[in-house]
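Look over the sequence and the structure first, then read the points below.

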Amino acid sequence: MDLVNELSPLLAAEAAAEAFAAGVDPADLEQAVWVRLLEQAPAEPRRWVRAAVRAEARRARRQARRELPYTVEPTAGPDARPEQFLLAAERRRVVRAAVRRTPGRCPQVLTAMLSPADPTYREIAGELGMSQGSLGPVRSRCLGCLRRMLMSEVAAPGRWGKER
């Protein structure tokens, strides 16, 4: 417990300093470093915290560069064809089925995130009975799990773009 009290101010300050440049919430950055601290138990925790915050910020920047914004569904246009409606409905069905198969609290978190009411983090956290600060990291882990599940279900393209 002394370690937590000793490192909390340092970690908060380091995370606040690095979060903006990384494009992440300082609380998310702090929580990621706490998890790494529990996994590694370094010999010199104060020095380690500074390096770990910077490493997590770099990881967040790399991940942000790889992510692409989601485009609007093709069914949104006025000239959408019936097969586009069918394909969009099938995509939604596959995603919802994968959400139900995710582990732990992920089905509840992701279902709340997919709600057509578009609730805020505060509303979702209240509905799920969890702190608002822990919702972001939980959401990130759940989305990573969902992403891996969906990637494994997509057929890898073969030569000349043909599916295997």
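**Cysteines and a buried glutamate**

Cys 145 has a relative accessibility of 14%, so it counts as buried, the cut-off being under 20%. The model is a predicted one. Cys 145 takes part in no disulfide. The nearest cysteine sulfur belongs to Cys 106, and it lies 5.7 Å away.

**The disulfide**

- A disulfide is a covalent bond between the sulfur atoms of two cysteines.
- How many disulfides are counted here? The count is one.
- Cys 106 and Cys 142 form the bond, with 2.1 Å from S to S.
- This pair links distant parts of the chain, 36 residues apart.
- Cys 106 sits in helix α5, which covers residues 106-113.
- Cys 142 sits in helix α7, which covers residues 132-153.
- Why is the disulfide left-handed? The torsion about the S-S bond of Cys 106 and Cys 142 is about -85°, so the disulfide has that hand.

- Is Cys 106 buried or exposed? Its relative accessibility is 9%, so Cys 106 counts as buried.
- Cys 142 is buried too. Its relative accessible area is 1%.

**Glu 14**

- Glu 14 is part of helix α1, residues 2-22.
- The relative accessible area of Glu 14 is 13%, so this residue is buried.
- Which residues does Glu 14 touch, leaving aside neighbours within four places in sequence? Glu 14 is in contact with Arg 50, Val 53 and Arg 54.

Key: Residues numbered from 1 in each chain as written. Predicted model: local features only at pLDDT ≥ 70, side-chain atom pairs only at ≥ 80, totals over all residues. Heavy atoms only, no water. Disulfide = S-S within 2.5 Å. Helix = DSSP H or I, 4+ residues; strand = E, 2+ residues; numbered from the N terminus. Buried < 20%, exposed > 50% of the residue type's maximum accessible area, 1.4 Å probe, protein only. Contact = heavy atoms within 4.5 Å.
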